[in-house]
Amino acid sequence: MSGRLDGKVALVVGAGSVAEGWSNGKAASVLFAREGAKVFAVDINPAAAEDTVAAIKAEGGDAVAHVTDATDSAQVQEMIAACQKTYGRIDILHNNVGGSIPGGPTEISEADWDANITYNLTSVFLSCKYVLPVMEAQGGGAIVNVSSVAG
């Protein structure tokens with residue numbers, strides 16, 4: 001790889017896989033590390049985050065796992081602070097949390113609709129809300145919001 005992210009810190013929210021194998025979040029985390037970034041790998045599932053970190057470290061990269069519910073404002077604020085404490089900065093925020101509940105407007109309940117919006121949109125809003133002041137204070141950064149074909 002080119003090393004174009006040497007000295008950068010990538011905060012990947014949704015860095016684990018929900019099933020065995022490679023997810024978008026795990027793949028992005030490993031690629032950030034291959035390009036030289038230090039990766040703060042966040043997932044709600046500790047084992048999934050640790051699996052991603054193990055893959056990065058197996059290739060000689062630098063990564064730490066962190067557990068956060070990306071829909072919880074207090075936990076997201078703590079995640080941002082923990083990344084800063086660990087690596088001193090945040091250059092890349094990669095939002096990769098999402099999913100869907102099957103069904104159309106007549107089948108899905110209002111509660112499931114609200115949960116879907118919280119999971120897919122509020123998670124992105126919260127991480128952007130709390131990382132933007134950090135990036136502004138350090139003079140820049142990049143935010144990548146990922147969606148699946150279900151989006």
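This is a dialogue on how to read the features of one predicted model.

User: Where do I begin: how many helices and strands does the protein chain have, and in what order do they run?

Analyst: Begin with the inventory of elements. The model is predicted, and its protein chain holds 4 helices and 5 strands. Read from the N terminus, the order is β-α-β-α-β-α-β-α-β.

User: What does the radius of gyration say about the protein chain?

Analyst: The value is read against what a compact globule of that length would give. For 151 residues that would be near 15 Å, and the protein chain has 15 Å, so the two agree. Along the principal axes, the C-alpha atoms fill a box of roughly 50 × 35 × 25 Å.

User: How do burial and contacts look over the protein chain as a whole?

Analyst: A residue counts as buried under 20% relative accessible area. By that cut-off, 39% of the 151 residues are buried. For contacts, take the pairs at least 6 apart in sequence: 69% of them join residues at least 24 apart. The exposed surface comes to about 8,000 Å², with 55% of it supplied by carbon and sulfur atoms.

User: How far apart are the mean positions of the positive and negative charges?

Analyst: The protein chain has 9 positive and 17 negative charges, and their mean positions lie 13 Å apart.

User: Now the strands. Which strands does β1 pair with, and in what sense?

Analyst: Pairing is read from the bridges between strands. Strand β1 (residues 9-13) runs parallel to β2, with 5 bridges between them. Valine 9, for example, is opposite lysine 38 of β2. β1 is also parallel to β4, joined by 4 bridges. There, alanine 10 has isoleucine 92 as its bridge partner.

User: Is strand β2 enclosed or open?

Analyst: Count the buried residues along the strand. In β2 (residues 38-43), 5 of the 6 residues are buried, so the strand is largely enclosed by the rest of the structure.

User: Which way do the side chains of β4 point?

Analyst: Sort the residues by direction, then check burial on each side. Ile92 and His94 point one way, Leu93 and Asn95 the other, and all of them are buried.

User: What surrounds asparagine 95?

Analyst: Asparagine 95 sits in strand β4 and has a relative accessible area of 3%, which makes it buried. Beyond its neighbours within four places in sequence, asparagine 95 contacts Val13, Ser123, Val124, Ser127, Cys128, Ile143, Val144, Asn145 and Val146. Its C-alpha atom is 13 Å from that of serine 23, a residue 72 places away along the chain.

User: How should I read a helix, and which residues of α1 are buried?

Analyst: An α-helix has 3.6 residues a turn, so residues three or four places apart point the same way. In helix α1 (residues 24-34), the buried residues are Gly25, Lys26, Ala28, Ser29, Val30, Phe32 and Ala33. These buried residues pack against β1, β2, α2 (46-58) and β4 (92-95). Just after α1 comes glycine 36, with a positive phi of about 105°.

User: Where is leucine 126, and what does it touch?

Analyst: Leucine 126 is in helix α4 (residues 110-138). Its relative accessibility is 6%, so leucine 126 counts as buried. Leaving out residues up to four places away in sequence, leucine 126 touches Ala70, Thr71, Asp72, Ser73 and Val76.

User: Finally, is glycine 88 buried or exposed?

Analyst: The cut-off for exposed is over 50% relative accessible area. Glycine 88 has 55% relative accessibility and so counts as exposed. Glycine 88 belongs to the loop between α3 (73-87) and β4. Its C-alpha atom is 8.6 Å from that of valine 9, and the two residues are 79 apart in sequence.

Definitions and conventions. Residues are numbered from 1 along each chain as its sequence is written. This is a predicted model: local features need pLDDT of at least 70, side-chain atom pairs count only at pLDDT 80 or more; totals for chains, interfaces and linings use all residues. Side-chain values use heavy atoms; hydrogens and water are left out. Helices (H or I, at least four residues) and strands (E, at least two) are DSSP runs, numbered from the N terminus. The radius of gyration is taken over C-alpha atoms; the globule rule is 2.2 Å times the number of residues to the power 0.38. Buried means under 20% relative accessible area, exposed over 50%, partly exposed in between (1.4 Å probe, protein chains only). Contact means heavy atoms within 4.5 Å. Accessible areas come from the Shrake-Rupley method with a 1.4 Å probe; for residues, only the protein chains shown count as cover. Lys and Arg count as positive and Asp and Glu as negative; His and the chain ends are not counted. The place of a charge is taken as NZ of Lys, CZ of Arg, CG of Asp or CD of Glu. Two strands pair if DSSP finds at least two bridges between them.
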